[in-house]
Amino acid sequence: LAEGSDIWTYREIGQTAQGRPIPVLETEKRDLKLLIDASMQSSEPVSWGILHVAHWLTLPTARAQHLRDHIQFCLMPVTNPDGLAMGRSVTNGEGQVPKFGINNLVEGLEAPRETEALWRYLLEQKPDASIEVHAHFTRPDFTRSIGMHDKASMPDSMHEKAALIERALDANYHVAPLKNRKVLIDPRQPEHDVYGDRHISTHAGTIRTFLQSVPDSIPAHCADVQEMTETVALALLDWLKNSASYGAELER
């Protein structure tokens with residue numbers, strides 16, 4: 001995809017214990033950054049949806065161009081490739097659980113290679129927001145879950161941006177008669193303080209959101225991921241319009 005388009009740059013931010021690369025696709029650098037990353041829970045493969053977004057952003061349309069002009073998109077279509085290749089549920093090739101390793105890293109403890117790669121990338125890029133993509137195979141009456149890190153537990157400087165993202169998610173997913181599940185991850189609660197969100201917000205300045213889609217088909221899953229991407233991206237643009245830097249951004 002990167003070789004066939006001047007939109008994307010490909011690089012690898014780490015390797016697994018079995019030597020598989022952890023890849024990232026990036027558009028041109030912008031002041032605003034949006035990370036779309038696959039869940040590290042390898043029983044939930046989501047690369048189709050994330051790569052669908054990559055192809056969608058290469059379309060010669062005014063909407064795609066406008067988004068690329070103001071937002072750098074960073075896509076991680078697979079974050080636990082050993083676990084995926086080996087058919088694991090949530091572990092990597094060494095039996096570790098990368099999903100819950102950020103707290104250990106910050107506290108100076110050992111963590112899986114996959115977690116280290118993601119954490120280094122977050123600190124390097126400092127995305128304004130991220131979308132962690134899941135794909136749940138579960139009971140028939142399960143509805144999509146769309147949520148985010150509770151803004152009340154973030155640093156004060158992030159509240160305005162987080163409020164706009166929350167408002168956009170509510171308006172698109174959580175109004176009657178829609179029945180999507182709304183979930184707020186609040187690290188002040190011990191049972192929520194396992195994902196590393198409080199460290200991601202304080203160290204990287206990133207507002208974490210997530211999509212738990214229902215992959216009844218690959219096209220439906222791809223549509224889910226694109227819809228979430230547009231929702232969060234447009235919320236970031238709304239924040240930019242309301243910020244003091246908007247005039248300077250337009251001049252550039």
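Let's start with strand S3. Of its 7 residues, 7 are buried, so the strand is mostly covered. Buried here means under 20% relative accessible area, exposed means over 50%, and partly exposed is in between, using a 1.4 Å probe and protein chains only. Strands and helices are DSSP runs, numbered from the N terminus: E for strands, at least two residues, and H or I for helices, at least four.

A word on the source. This is a predicted model, where local features need pLDDT of at least 70, side-chain atom pairs count only at pLDDT 80 or more, and totals for chains, interfaces and linings use all residues. Residues are numbered from 1 along each chain as its sequence is written, and side-chain values use heavy atoms, with hydrogens and water left out.

Back to S3. Which residues point which way? Leu32, Leu34, Ile36 and Ala38 point one way from S3, and Lys33, Leu35 and Asp37 point the other way. All of them are buried.

Now the partners of S3. Two strands pair if DSSP finds at least two bridges between them. S3 pairs with S4 in the parallel sense, over 6 bridges. In that pairing, leucine 32 stands opposite isoleucine 71. S3 is also joined to S5, again running parallel, by 5 bridges. There, alanine 38 stands opposite valine 133.

Let's step back to the whole sheet. In general, strands of a sheet pair through backbone hydrogen bonds, either parallel or antiparallel.

Take the S1 end. S1 and S2 run antiparallel and are joined by 5 bridges. Arginine 11 stands opposite valine 24 in S2.

Lysine 126 is found in the loop between H5 and S5. Its phi is positive, about 50°, although lysine 126 is not a glycine. Lysine 126 counts as partly exposed because its relative accessibility is 44%. Another backbone point is a cis peptide bond between alanine 176 and proline 177, with omega about 5°. Proline 177 is found in the loop between H6 and S7. For context, most residues other than glycine have a negative phi, and most peptide bonds are trans.

Next, strand S8. Why is S8 called largely enclosed by the rest of the structure? Because 7 of its 7 residues are buried. Both faces are covered: Ile207, Thr209, Leu211 and Ser213 lie on one side, and Arg208, Phe210 and Gln212 on the other. S5 and S8 run parallel, joined by 7 bridges. Glutamate 132 stands opposite phenylalanine 210 in that pair. S8 pairs with S6 in the antiparallel sense, over 4 bridges. There, glutamine 212 is the bridge partner of serine 145.

Elements giving two or more residues are S5, S6, S7 and S8. By class, the lining has 5 nonpolar, 6 polar and 5 charged residues.

Last stop, alanine 233, in helix H8, residues 218–242. Is alanine 233 buried or exposed? It counts as buried, because its relative accessibility is 0%. Leaving aside neighbours within four places in sequence, alanine 233 is in contact with Leu34, Leu67, Ile71 and Phe73. Leu34 brings us back to S3, where that residue is among those pointing one way.

How values were computed: Ala, Val, Leu, Ile, Met, Phe, Trp, Tyr, Cys and Pro count as nonpolar, Asp, Glu, Lys and Arg as charged, and the others, Gly among them, as polar. Contact means heavy atoms within 4.5 Å.
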